[in-house]
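Morning, everyone. Please look at the screen while I talk.

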Amino acid sequence: MPLDVGMYERRADYKSEKQCQRTSLAYYRAVRDLLPVWLLEDIRTTEAFHWEDEGRACAFSPSEALLYALVHDHQQYARHLLQRFAVHALAMPSASFRCCAHSSTPHVAVAVRYNRKNILKMMMDTLKDCADEGAKKLLLNHRGCAHAEGGKTALHLACDLARPECLLLLLGHGACPYVTDRAGDTPLDCLLQQISQSATDMRTKRVCLGYLVLFMPALRFRMRTELRENPALWSRLIGVQAVQWLSGQCPPSLFVQCMRNVTRSVPDEQLESLPDFLRPPDFRLHQS
């Protein structure tokens, strides 16, 4: 159930900016120190306020509390907020928690950036149970702020940061692999750029590549021409057959075709629990 915001605004009328800074910091530290949920909620609903730019004190909403839980990986607190407030915990936070007026709901992107895969799974379950398809797609596929996130979606961030577990959760719950950022790049374009720029975490990047292409029956991405023009370079990075397949010179391997059928038939919540023999590190992109 949502908070009675008006009640808390009335209680906050007497708070000064200095008092808000003190109580806000105390609440932040309490979440950071992983204090019990009951105590955090008591602080949030009776003691803690933050100062908005327009010159008023505001109580912390469940949405803003969830952002703190994400940053500090307080999983019990995140579970409580999502169970009690459902999609209200994923609502737009106040202006002081956003980079600019053009920012959108940041929770999914924050979960990916901090690699909070357990809380991200809770959020995906909440969206599945409580949100309509339109709201779900908006939260999963929106472009982030141009300043803080470069206009990227959560999928782009998962590829940029090589977060395979987050990537699979997002794809399995309906994130669109064809969505583009402000530069016109798909998540696959971003991942290939990361692969070409650095050999660090190459195995993890190949896992991300394997997950991503399973959800892309039509391989539409900007760097396809780059693969065709530089086959030697890309063959060293991802394998000859993967280059031929991604560039459209041959069909995908039988293994990849089978795995695509598996991902379509397995329920979303079971994708991340597939047995290891169905989830080799690179999804055998290089094998026939």
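First, the ground rules. This is a predicted model, where local features need pLDDT of at least 70, side-chain atom pairs count only at pLDDT 80 or more, and totals for chains, interfaces and linings use all residues. Residues are numbered from 1 along each chain as its sequence is written, and side-chain values use heavy atoms, with hydrogens and water left out.

Confidence next. pLDDT is the predictor's confidence in each residue, from 0 to 100. The protein chain averages 84. At least 70 is reached by 84% of the residues. Among the elements, helix α5, residues 75–85, has the highest mean pLDDT, 97. Helix α1, residues 5–11, has the lowest, 45. Over residues 5–12 the pLDDT is below 50. That stretch still has 11 contacts in the model beyond near neighbours in sequence. A contact means heavy atoms within 4.5 Å. Where pLDDT is low, the predicted coordinates should not be read in detail.

Now the make-up. The protein chain has 16 helices and two strands. These are DSSP runs numbered from the N terminus: helices are H or I, at least four residues, and strands are E, at least two. Of the 288 residues, 50% are buried. Buried means under 20% relative accessible area, exposed over 50%, and partly exposed in between, with a 1.4 Å probe and protein chains only.

On to the helix pair. How do α10 and α12 pack? Helix α10 is residues 164–172, and helix α12 is residues 202–214. Their angle is about 10°, and their axes are 9 Å apart. Axes are lines fitted to C-alpha atoms, for helices over the stretch in contact, and angles run from 0 to 180 degrees between N-to-C directions. So α10 is roughly parallel to α12, a label for angles under 35 degrees. On the α10 side, Pro164, Leu167, Leu168 and Leu171 take part. They meet Thr204, Val207, Cys208, Tyr211 and Leu212 in α12.

For Cys159, the nearest cysteine sulfur is that of Cys208, 6.2 Å away. Cys159 is buried, at 0% relative accessible area. Cys250 is partly exposed, at 25%.

Last, Asn230. This residue lies in the loop between α13 and α14. Asn230 counts as partly exposed because its relative accessibility is 30%. Its C-alpha atom is 9.6 Å from that of Val243, 13 residues apart along the chain.

Note on methods. A disulfide is a pair of cysteine sulfur atoms within 2.5 Å. Angles under 35 degrees count as roughly parallel, over 145 as roughly antiparallel, 65 to 115 as roughly perpendicular and the rest as oblique.
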